[in-house]
Amino acid sequence: TPTLLWGGRFTEAIDDLMFQFNESLSFDKVLYKADIHGSITYAKALNKLNILSDEELSEIVGGLQQVEKEWAEGKFVIDVKSDEDIHTANERRLGEIIGKAAGKLHTGRSRNEQVGVDMRLWAGEQLDQLAAILMDVLATTAAQAKEYLPVLMPGYTHLQRAQPVRFSHWLLSHATFLIGDLNRLKGVQERTSACPLGVGALAGNPFGIDREFMAKDLGFVSVHPNSLACVADRDFVVDILQWASLLMAHLSRLSEDLILFSTAEFGFVQVADAYSTGSSLMPQKKNPDSLELIRGKAGRVMGQIAHTQASGFLASLKSLPTSYNKDLQESVEPMIDCIKTVSTCLRIMQGVLATLKVHPEKMKAALTDDMLATDVADYLVRKGVPFRQTHHIAGAIVRRGEEAGVAISKLPLEDFQQISPLFEADVADVFDFEKSVERRNTYGGTSSSSVLAQIEAIQKLVQQQ
Ligand code: ARG
């Protein structure tokens, strides 16, 4: 019978399938570093209480460092019969390396606080990295927006040509959503960074352990304020998954636009070979798989929140009785998978954007004069006609153009004047896409000065980091 950490009161061995059902090492081993750092800090705090002598402390720290090295080098040998989770595996190995002193490390400590420490430390580090990658994506959008500032394209609503906009403005519209994600991330990071160490299994620590010291030593922002709540608390995982779901929705919408714009029918952009794949049958094919995968992975990340919320976790969280219950272990896998998926998607998106080929002539060719119908209406507004009326008049001009089968810019001035005597020869000036775009020069508009201001704001944000 395997000797399990908690086996003292047991007379029968655990059922094999039950052991497999219960184990979490197969997925929580990625937390090994956090687990070891948490233990080193806890050992230091025990030393401050003279529960560990200086000698025992240095034995424990040295031993834990060796365990960390074994994991890092892929040399850690898992005992499949007794290593239930990362905490038991590390403690078992520490005992083998340093002997008796290892048995003092867990004094007053519970795996219930350990798993919280491990998850929060690991997630905190990952979220910092995600913030940095998100910054890279934003920096890339700003650089591309600057490079292609002169390029005009049709702006769409309902996927119908609406008004001319700058390509850069379209790109920055997506960046704007990502800035929102970056801002929301700060709150998630702060809430994740509450230190559980010292809460015990549920009731607190009986040896007067210095919780402030441990939180500081591990770089946490705060100390978790209630031991019962702390061991029950996976709200930070729900936070991360919710945050990630919205971020992925944003990446997915950008992907969708780019996939559409890279079709032959649009031809506005081309995804670089490095982020495309071909067809095994059709030699001419080049497919934007990178973007399709991001769009697909958005579903996966939202599925994790469905897993944790609808079908599983949040649903069972709502009915979990006080403090720790093993159901909480079900939050580890979606957290790890979600963060890994988001990280890869952001890196791929950064690459796609940095290498994107832009075809200004195709965008220009897609601009049609009817997209300036609002500007025709605005022309009369500037002559004092109420907009509701000018809208009607411009509509009549569009209809006249359609009937005559010509672009509205090609209609003779007499046609304009028949519809409204206020039209003069200078109406011809309206039919200039560049001028139309440049008139929209208020904050957040599509004129070059407005777009440049957005670019500068992103550059400033990136530099602050
Ligand atoms: N692997 C466990 C988890 O992820 C660690 C905590 C185990 N605690 C316990 N009382 N069995 O939640």
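The points that follow treat the ligand site and then the helix pair.

This is a predicted model, in which local features need pLDDT of at least 70 and side-chain atom pairs count only at pLDDT 80 or more, while totals for chains, interfaces and linings use all residues. Residues are numbered from 1 along each chain as its sequence is written, and side-chain values use heavy atoms, with hydrogens and water left out.

**Ligand site**

- A nitrogen atom of the ligand lies 2.8 Å from an N or O atom in the side chain of Q329; for the side chain of N112 the corresponding distance is 2.9 Å, and for that of D85 it is 3.4 Å.
- Taken alone the ligand exposes 340 Å², of which the protein buries 86% (Shrake-Rupley method, 1.4 Å probe).

**Helices α3 and α4**

- The axes of α3 (residues 32-48) and α4 (residues 54-72) come within 10 Å and cross at roughly 180°, the axes being lines fitted to C-alpha atoms over the stretch in contact, with angles from 0 to 180 degrees between N-to-C directions.
- The two helices α3 and α4 are therefore roughly antiparallel to each other, a term for angles over 145 degrees.
- Their contact (heavy atoms within 4.5 Å) involves residues including I36, I40 and A43 of α3 and L57, V61 and L64 of α4.

Terms used
Helix = DSSP H or I, 4+ residues; strand = E, 2+ residues; numbered from the N terminus. Parallel < 35°, antiparallel > 145°, perpendicular 65-115°, else oblique. Polar contact = N/O pair within 3.5 Å; in protein donor to acceptor, adjacent residues only side chain to side chain.
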